[in-house]
Amino acid sequence: MKFKKLFQQLLLLGSCTFIATSFAEDTDPPWSYDEQAKWSSLESLNSSAPVPGLYPYAECGLEQKQSPITIIDNDNHTVKNKNMNGIGFAYDSTPLSVTNNGHAIIVNMPPSNDNKNAFKIGKQKYELSQIVIHSPSEHKIDGQSSKMEIQFEHRTPSGKLAIVGVLVTQNSKGKDNSELQKILDNASHQTDVTVTPSNTNIKPFKLLPSNKKSIYTYAGSFTIPPCTGGVDWYVLRYPLEVSAAQITAFQTLYRANFRITQPLNGRIVEKNFK
């Protein structure tokens, strides 16, 4: 494609970052999950933007380390890393704020000064910036998708990114997850609406499965346009179990807000268990 050749030429010139960020946000074209193959060729609403600013989502088609992926546990691309330790969650009770942005249901976190939620990798601390929910899951384990996926997005003050993916399955007892229910009770069916109920807190820790220690990790990207790379993914091996009624309730909001799995392109998936 013509735009792809032009974009690759400018990458070689080292001009990509400046131009792309100069024509962001207000001029970004609308996108949908129904036309994922076209994401990289969608043109900026600013028709005078130079390449690659003319194609703000080009990275969705050019970047080799894209997410989500299919994780095959006993595949030769999945290896155990004995040094993958010191991973932990420090999540605290937080005032609930829920947004329906037209693509997903998002739980917003407070500003940094009031945000005590963090994901820790050794001595590195990543602040939880938001929680995003998809259905069905974006990641697959051993070729199987799950009913939902809850993604915990984190970043450091310097801009390093880490996303924790938690797959969600139906439990056999019909037991609701209390924190997911708070989200469902306050998620608007109208888009671009944020609901912040008074005197309601959410405990992100309770949106994690009981087994939080078995983890896969790989180098990837955001799963929505502009598909920005440089994201360290941590996908939990075991799922969070919720009730069938809760899955159904979420799917009245979104039942196909997922990106299809992307090629590994030689990447290695590491895990901290046998």
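Modeller: The protein has 5 helices and 17 strands, where helices (H or I, at least four residues) and strands (E, at least two) are DSSP runs numbered from the N terminus. This is a predicted model, in which local features need pLDDT of at least 70 and side-chain atom pairs count only at pLDDT 80 or more, while totals for chains, interfaces and linings use all residues. Residues are numbered from 1 along each chain as its sequence is written, and side-chain values use heavy atoms, with hydrogens and water left out.

Colleague: How do you know that the radius of gyration agrees with that of a compact globule?

Modeller: The radius is taken over C-alpha atoms, and the globule rule is 2.2 Å times the number of residues to the power 0.38. For 274 residues the rule gives a value near 19 Å, and the protein has 19 Å, so the two agree. The C-alpha trace spans about 55 × 45 × 35 Å along its principal axes.

Colleague: Why is the pair of tyrosine 91 and phenylalanine 152 called stacked?

Modeller: Rings of Phe, Tyr and Trp (its six-membered ring) pair if their centres lie within 6.5 Å, and planes under 30 degrees apart count as stacked, over 60 as edge-to-face and the rest as tilted. The structure holds 10 aromatic pairs. In the pair of tyrosine 91 and phenylalanine 152 the centres are 5.7 Å apart with 15 degrees between the planes, so the pair is stacked. Tyrosine 91 lies in the loop between strand E3 (87–90) and strand E4 (94–95) and phenylalanine 152 in strand E10 (residues 148–155), so the pair ties together parts that are 61 residues apart in sequence.

Colleague: Why is asparagine 115 called buried?

Modeller: Buried means under 20% relative accessible area, exposed over 50% and partly exposed in between (1.4 Å probe, protein chains only). Asparagine 115 has 9%, so it is buried. This residue lies in the loop between strand E6 (105–108) and strand E7 (118–121). Leaving aside neighbours within four places in sequence, asparagine 115 is in contact (heavy atoms within 4.5 Å) with Met109, Pro110, Glu127 and Leu128. Of the 274 residues of the protein, 48% count as buried.
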